[in-house]
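Colleague: I am new to this structure and would like to learn how to read it feature by feature. Could you take me through some of it?

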Amino acid sequence: PLYPVCYCSSSMDIPLPPLPDWDSGFEHRETGTAGLPYFEFTEALELSPSDPRKYRLIRLPNNLTAVCVHDADAKQAAASLSVNIGSLANPPELRGMAHFCEHLLFMGTEKYPKENAYAQYLAEHGGYSNAYTNLSNTCYYFDVAADALEGALDRFSQFFISPLFDPDSTDRELRAVDAEFKGYLQDDNWRVLQLKRSLSSPTHPYHMFDIGNMSTLKGDAERLGVDLRAELIKFHAKYYSSDIMKLVIVGSDSLDKLTDWTVEMFSPIASKGNTMPVFIGHPLSSNELGTLVRFKTVNEYHWVDINFPMPNLHAWYREMPHVHINSLLKHDGHGSILAYLKKRGWATYIYAGASSQLRNHPNILSVLVTATSSGLRHYKDIVRVIFAYLQMLQRADSHEWYHEERRKIRDILFRYAEKGVGKTVAYDLSLAMHDQYIAPAHIVSNYSLLRNYDETLLTRLLNLLNPDNCRILLG
């Protein structure tokens with residue numbers, strides 16, 4: 001039987017936890033070779049008992065935070081540097097600038113002016129590199145033969161110290177950005193995401209086109225009468241600060257050696273203060289809520305997608321109440337939403353989750369049902385089932401028993417975690433380090449464990465998942 005749906009009022013005004021203290025626990029050190037200063041976190045890091053690697057958390061004089069990881073058995077070394085600037089910082093008149101900056105940063109430095117010096121070095125030593133721009137971060141990473149790490153780091157660090165933004169490469173990289181854009185045009189996931197964003201609040205940068213193309217970069221620069229490369233250099237000079245950079249290096253060299261290289265090579269990056277932009281309001285304002293959007297997919301997919309505006313969900317990494325909710329919504333066993341919808345022949349899959357790209361920002365939680373043709377015709381019934389289930393969760397006396405089950409499972413998975421690939425460890429950790437509510441001691445374990453249960457917090461988030469506080473998309 002379905003529960004009747006109630007329309008409950010809710011408030012986004014949920015107090016965030018206090019920020020962790022990053023001023024204590026660090027002690028002054030000097031490198032063994034050049035005697036350069038840095039600060040080392042001397043308290044114990046929370047690590048899996050099955051992880052054979054050794055970790056060291058340090059902060060450079062320019063406020064860049066880094067983790068050095070010693071893996072005695074590593075055949076391949078890796079590094080990842082993530083900057084807390086992404087497409088949300090795009091100038092409205094030059095959409096795609098953050099992505100374009102990512103492409104051009106590789107095009108030679110003062111120390112290594114040849115455009116392909118970095119790529120050639122990696123290729124000669126069995127390496128690989130890539131970069132990625134999302135809404136909140138731009139991440140650069142590579143792997144290379146373990147004995148070639150020092151040379152790779154020297155070339156890599158120069159991108160953030162003295163990039164040339166080679167003018168001869170501008171047109172080619174513009175074409176590369178444009179090719180990425182065109183490659184996404186028939187991708188339904190990307191198309192729907194752009195639709196969601198274009199229909200979000202026009203006062204928030206979330207609504208802007210992010211990836212960029214020939215028209216929004218070169219075309220708009222020409223229409224404005226500005227030099228695109230000059231604007232690119234301004235963007236880099238404004239935002240690329242060591243204060244908002246996180247670096248992870250994984251290699252077979254000793255922690256002392258990795259630390260020396262980190263301090264020597266990355267301390268020269270310019271410190272400009274916390275340049276991460278702050279945005280007012282939410283991507284989904286009251287004007288966007290209570291709306292129904294219909295769209296047509298390229299492929300034969302059907303979706304019922306309910307979006308809820310949420311606060312900064314990454315702030316509660318100790319409790320992870322949204323993951324608790326997502327787990328229940330995605331459950332496919334007896335009594336679940338999906339089991340009911342499958343029995344009716346209305347759906348084949350359900351997903352629930354918040355955007356991983358909106359770190360340190362208000363978030364959006366999506367409940368997405370992959371519907372059959374019959375399910376799309378019965379979308380009102382699907383929506384009613386979801387809200388009936390949510391109301392059941394809201395009325396439950398306590399969720400602590402379920403939290404405890406999940407906590408024990410996570411404890412086991414953490415205790416017996418398999419050793420991850422070095423480049424994956426570097427990439428994932430450099431992104432997670434930007435979550436400003438994570439305490440220094442938890443920087444490595446971050447979201448692996450459930451630490452606290454907060455019934456009040458869970459209830460307040462559940463109350464946000466109501467029919468008055470959502471937007472529905474059908475396709």
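Predicted model: local features only at pLDDT ≥ 70, side-chain atom pairs only at ≥ 80, totals over all residues.

Colleague: Which strands pair with β12, and in which sense, parallel or antiparallel?

Modeller: Strand β10, residues 303-310, pairs with β12 in the antiparallel sense over 8 bridges, and here W303 stands opposite T370. Strand β11, residues 347-354, also runs antiparallel to β12 and is joined to it by 7 bridges; in that pairing A347 has A371 as its bridge partner.

Colleague: Which residues have the most contacts inside the largest nonpolar core?

Modeller: The largest nonpolar core has 57 residues, and those with the most contacts inside it are F142, F156 and F266. Helix α8, residues 255-266, gives the most to this core, with 6 residues. Taking F142 as an example, and leaving out residues up to four places away in sequence, its contacts include A77, Y118, L122, L149 and F156.

Colleague: And which residues does the second, separate core include?

Modeller: That core has 42 residues, among them W316, V385, L393 and L457.

Colleague: Turning to helix α2, where do its buried residues fall when seen down the axis?

Modeller: The buried residues of α2, which spans residues 117-124, are A117, Y118, Y121 and L122. Seen down the axis of α2, these buried residues fall within an arc of 130 degrees, so they line one face of the helix. On the other side of α2, A123 and E124 are exposed. The cover over the buried residues of α2 includes β6 (128-133), β7 (138-145) and α3 (149-158). Just after α2 comes G126, with a positive phi of about 60 degrees.

Colleague: How should I read a positive phi, and which residues other than glycine have one here?

Modeller: As a general idea, most residues other than glycine have a negative phi. Here N63, although it is not a glycine, has a positive phi of about 75 degrees, and F165, also a residue other than glycine, has a positive phi near 45 degrees. N63 lies in the loop between β3 (54-59) and β4 (65-70), whereas F165 lies in the loop between α3 and α4 (170-184).

Colleague: One more loop residue, then: why does N213 count as buried, and what is in contact with it?

Modeller: N213 lies in the loop between α5 (188-198) and α6 (215-224). N213 counts as buried because its relative accessibility is 9%, and the cut-off is under 20%. A polar atom of the N213 side chain lies 3.0 Å from the backbone nitrogen of S215. Apart from neighbours within four places in sequence, N213 is in contact with V177, D178, F181 and K218.

How values were computed
Residues numbered from 1 in each chain as written. Heavy atoms only, no water. Pairing = 2+ DSSP bridges. Helix = DSSP H or I, 4+ residues; strand = E, 2+ residues; numbered from the N terminus. Core = buried A, V, L, I, M, F, W, Y, C linked by side-chain atoms within 4.5 Å. Buried < 20%, exposed > 50% of the residue type's maximum accessible area, 1.4 Å probe, protein only. Contact = heavy atoms within 4.5 Å. Polar contact = N/O pair within 3.5 Å; in protein donor to acceptor, adjacent residues only side chain to side chain. Arc of directions from axis to C-beta.
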